[in-house]
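Take a look at the fold below.

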Amino acid sequence: MPAPRLIGHKRIAASLWRMVKEDRLPQTLMFAGPEGVGKATLARHLAAGINCEQRRGPPCGDCSSCERILAVDLSRKVYRDLLLDRLKLRSAKRAESPLVVANHPDVLTFPPDGPMRVIGIDQARMLRNVARHAPSEGRRRIFVLDHAERATPEAANALLKTLEEPGPDLTIILITENPYQLPATIRSRSIPFYFAALSPAEMETFLRSRDAVPEATRRNVQAWSRGSPGIALSLDVGEFTRRRAAMLSLIRTSLGKGEFARFTARIEVLARRRSEGIDQLASMLASLLRDLIRLNLGVREDLTHIDIAEDLAKLAPRSGFHWIEKALHALDDLRLLQQVNIQKQLALEAYALSLRR
């Protein structure tokens, strides 16, 4: 089958293929931008095209190398289930078998692992050890660090040593939503490419090309995904609305418009779900707060939660800019709590109480 069509980021793709053609691909690339906008997709396309059995350029999608490399999409259910299963393992067991995903011996992906969803020192050591090897099947080795900003300090130091002495046939791609969470020493050794969210027209083209999003929910999904094809494809409408209802309950309670007992009951149910990480809940809160800011300004265009705009409009006057500013700053602390593996229910209740009026 032909390689999946890339939508958006044409200039970045053209620059990368020109580097490949001229044999001057950097040894460290950094793909930075919002979640799900195509950073990992382009990394897979680049790895497949470099190691394609038919040509050296955009992947053919038909050869064995292309099929295996392009199949490693962490948003697929098989990989989501793998990451969830890793949560059941004790930390010592995870350390014995560091997480790496690969269908091709020369293209390896290192995703965040464990309940704290970090790239750990054991993964970084594995990367450093295998980085010394020459390609075994393809033309060039490609290592992808997904959410590279989640590397622990120890892992970041080990990664830096690898970047200082990379193998001659190796390119490391750092995928990150926030490059400034990476140490400056790592950023300085990377060639950055910044990915923007897709435009409404590009998202419309993307959604129409996929049957995974029913036409009845397409308008809402396009708004909820904020120009991110990855989010649109992986979005479970029922799960999304349940998560949003819980975070909206948190906001109501913090503004004194809801009962704390009812809010804690919702959070208790949510906290039992292994698929709900603090980072996902924080992202939902951020999107709701963003809409409240716009509604405070009297702007109803470009809202994320267009289907509950009237409910948010009733909350907007009570929130105010100072409260929203405080809530956004507190979100940074909430995200940090994930790194110490605190219970989700305690973290969210503490967040709500810190904002309570």
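This is a predicted model: local features need pLDDT of at least 70, side-chain atom pairs count only at pLDDT 80 or more; totals for chains, interfaces and linings use all residues.

The protein chain has 16 helices and six strands. Its C-alpha trace spans about 60 × 45 × 35 Å along the principal axes. Does the radius of gyration agree or disagree with a compact globule? For 357 residues, such a globule would have a radius of gyration near 21 Å, and the protein chain has 21 Å, so the two agree.

The contacts and the surface come next. Of the 357 residues in the protein chain, 47% are buried. Consider contacts between residues at least 6 apart in sequence: 71% of them join residues at least 24 apart. The accessible surface of the protein chain comes to about 17600 Å². Carbon and sulfur atoms account for 51% of that surface. As for charge, the protein chain has 55 positive and 41 negative side chains. The centres of these two sets lie 2 Å apart.

Now the rings. There are four aromatic pairs. One of them joins F31 and F193. Their ring centres are 6.1 Å apart and their planes stand at 90°. Planes over 60 degrees apart count as edge-to-face, so this pair is edge-to-face. Which parts of the chain does the pair tie together? F31 lies in strand β1 (residues 28–32), and F193 lies in strand β6 (residues 191–194). The pair therefore ties together parts that are 162 residues apart in sequence. Both F31 and F193 are buried.

W224 and F240 are both buried. Back at F31 and F193, ring pairs link these two residues and F195 into a cluster.

L292 lies in helix α14 (residues 278–296). Is L292 buried or exposed? Its relative accessibility is 0%, so L292 counts as buried. Beyond residues up to four places away in sequence, L292 touches I251, L312, L315, A316, S319 and I324. S188 is 104 residues from L292 along the chain, and their C-alpha atoms are separated by 37 Å.

Which residues does R218 touch, not counting residues up to four places away in sequence? They are L207, R208 and V213. V130 is 88 residues from R218 along the chain. The C-alpha atoms of R218 and V130 are separated by 43 Å.

The loops hold the next residues. D23 lies in the loop between α1 (10–21) and β1, the strand that contains F31. Phi of D23 is near 55°, a positive value in a residue other than glycine. D23 has a relative accessible area of 62%, so D23 is exposed.

R117 is found in the loop between β3 (107–110) and α6 (121–130). Phi of R117 is also positive, near 50°, again in a residue other than glycine.

The last stop is Q54, in the loop between α2 (39–50) and α3 (64–70). Its relative accessibility is 59%, so Q54 counts as exposed. Leaving aside neighbours within four places in sequence, Q54 is in contact with C60 and C63. A330 is 276 residues from Q54 along the chain. The C-alpha atoms of Q54 and A330 are separated by 52 Å.

Methods: Residues are numbered from 1 along each chain as its sequence is written. Side-chain values use heavy atoms; hydrogens and water are left out. Helices (H or I, at least four residues) and strands (E, at least two) are DSSP runs, numbered from the N terminus. The radius of gyration is taken over C-alpha atoms; the globule rule is 2.2 Å times the number of residues to the power 0.38. Buried means under 20% relative accessible area, exposed over 50%, partly exposed in between (1.4 Å probe, protein chains only). Contact means heavy atoms within 4.5 Å. Accessible areas come from the Shrake-Rupley method with a 1.4 Å probe; for residues, only the protein chains shown count as cover. Lys and Arg count as positive and Asp and Glu as negative; His and the chain ends are not counted. The place of a charge is taken as NZ of Lys, CZ of Arg, CG of Asp or CD of Glu. Rings of Phe, Tyr and Trp (its six-membered ring) pair if their centres lie within 6.5 Å; planes under 30 degrees apart count as stacked, over 60 as edge-to-face and the rest as tilted.
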